[in-house]
Amino acid sequence: MKRLNGIHLRHLKNTQDMKTVKLPLPDRVTILMSQNMGAECSPLVAIGEKVTVGQKIGDSSAFMSAPVHSSVSGTVVAIKEHLLANGGTCQALVIEADGKQTVSAEVVPPVINDKESLVAAVRQSGACGLGGAGFPTHIKLNFDEKTTPIDTLIINGAECEPYITADYRELMENPADVIGGARMLMNFLKIPKTKICIESNKPAAIEKLKKMTSSIPEIEIVPLPSKYPQGAEKVIIYSATGRIVKEGELPSAQGVIVMNVSTTAFIFRYSKTGMPLVSKRLTVDGDAVKKPCSVEVPIGTPISEVLSFAKAQDYEKILAGGPMMGLCIYDTSAPIVKTNNAILAFKKAKLPSSTACIRCGRCIKACPLDLMPEALEKAFDRRDLAALKELKVQLCMNCGCCTYVCPAKRPLAEKNQLAKLEVRN
Ligand code: SF4
Ligand code: SF4
């Protein structure tokens with residue numbers, strides 16, 4: 001098996017031993033109707049209406065969608081257009097919390113007794129890839145076992161970005177939920193084995209999970225080398241099974257489904273309680289944060305409240321996500337969404353200026369997908385769409401390895417992101 005490219009980063013997991021604490025309830029939440037990959041939901045409630053925790057407040061009939069639920073009890077005070085980090089917009093419900101956290105009558109454990117009822121329940125839960133990707137989970141689980149039989153469930157606990165420890169805390173605090181979720185998925189989806197994959201820089205989690213699964217032969221704990229981007233879907237599939245997901249293929253074509261650790265544990269809890277996805281564990285860290293922490297936050301909480309809880313000061317740059325793939329936040333009144341796993345605050349925002357490419361080839365050696373980032377950049381600068389396609393820009397997963405290693409500080413990953421859009425358009 002070929003050794004994958006990638007890079008070694010400082011782990012900076014400052015919050016790994018910090019138990020998750022709950023953020024005090026915010027006065028208001030802003031719940032976006034677009035929280036994950038796929039179609040935007042339409043609001044199911046009107047201004048002035050009372051809502052309760054776990055009540056469905058947005059849904060869509062589109063195939064690629066997942067419903068949205070209220071994280072607080074209170075009153076809908078506004079429905080407005082919200083500007084997203086990618087430049088798009090979506091509708092958002094502003095809910096004034098009454099502080100009572102009254103739970104909705106809709107919150108009842110689902111009846112799950114076969115694949116269809118599991119897929120339906122997972123859709124109702126509002127689950128999506130909680131590692132950051134945001135792919136609606138029920139679509140992933142609704143594979144056709146006749147055309148694409150699945151023999152391996154991979155539970156992704158790599159969490160390879162610096163700083164972020166949200167999945168690690170899930171493994172340490174709720175390992176039985178992770179294992180229970182894996183067994184539930186194996187049972188109803190008829191998948192014979194599970195590999196729970198954890199980077200080797202998390203020995204306590206590996207040991208804990210190994211002990212707890214020692215009498216479950218169909219679950220294997222797989223320690224993976226600590227190398228970024230080990231948690232990327234195609235990378236973890238190759239590392240865990242040696243299988244290569246080809247261009248245009250879904251992992252199911254290779255007999256594999258990949259589920260994030262926190263998503264798996266959440267689905268298990270949902271099957272027991274019926275409480276949909278209304279809160280999220282976040283890592284809050286960065287050199288502008290005085291009190292780094294793991295914190296559970298109601299979805300829709302303003303980022304500014306998370307930052308002030310962690311005593312962030314004098315920051316110039318805020319990231320939602322890790323330093324490699326996170327998105328810059330331009331407005332701290334923006335709300336927490338389902339796919340957030342970290343809020344990082346840094347004092348310096350300035351990037352080093354770039355110089356001419358010296359053709360050293362480091363970007364090519366670093367690319368986990370064997371792409372040619374320097375050639376891609378040149379093709380993008382010429383707006384040569386045919387060359388971009390030939391160089392497979394669509395495969396780029398924007399991991400940032402090429403940008404990170406480039407001695408000339410060329411914005412390679414950033415240009416690939418723009419190039420992919422041009423090719424798609
Ligand atoms: S950002 Fe794209 S081109 Fe650069 S290393 Fe990652 S996958 Fe390769
Ligand atoms: S790493 Fe930077 S300087 Fe080296 S070949 Fe790639 S783009 Fe050019």
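Helix 7 covers residues 261–273, and at 1.5 Å a residue its 13 residues should span 18 Å; the end C-alpha atoms lie 19 Å apart, which agrees. The model is predicted. Ten of the 13 residues of helix 7 are buried, so the helix is largely enclosed by the rest of the structure. The chain is assigned two stretches as domains: domain 1 (115–273) and domain 2 (362–424).

**Helix 7**
- Gly 274 follows helix 7. Its phi is positive, near 80°.

**Domains**
- The C-alpha centres of domain 1 and domain 2 are 29 Å apart.
- Five residues of domain 1 and six residues of domain 2 make up the contact.
- On the domain 1 side, four of the touching residues are nonpolar and one is charged. No polar residue takes part on that side.

**Ligand 2**
- The shell around ligand 2 holds 15 residues.
- Cys 357, Cys 360, Cys 363, Glu 374 and Cys 406 are the closest.
- Helix 9 (362–366) and helix 10 (373–381) are the elements that give two or more residues to this shell.
- By class, the shell has ten nonpolar, four charged and one polar residues.

Terms used. Residues are numbered from 1 along each chain as its sequence is written. Chains are lettered from A and ligands numbered from 1 in the order in which they are written. This is a predicted model: local features need pLDDT of at least 70, side-chain atom pairs count only at pLDDT 80 or more; totals for chains, interfaces and linings use all residues. A residue is near a molecule or strand if its C-beta atom, placed from the backbone, lies within 6 Å of it. Helices (H or I, at least four residues) and strands (E, at least two) are DSSP runs, numbered from the N terminus. Ala, Val, Leu, Ile, Met, Phe, Trp, Tyr, Cys and Pro count as nonpolar, Asp, Glu, Lys and Arg as charged, and the others, Gly among them, as polar. The expected span of a helix is 1.5 Å times one less than its number of residues. A residue is buried if 20 or more other C-beta atoms lie within 10 Å of its own, exposed if 12 or fewer, and partly exposed in between; C-beta atoms are placed from the backbone. Domain bounds come from an automatic or database domain assignment. Two residues are in contact if their C-beta atoms, placed from the backbone, lie within 7 Å.
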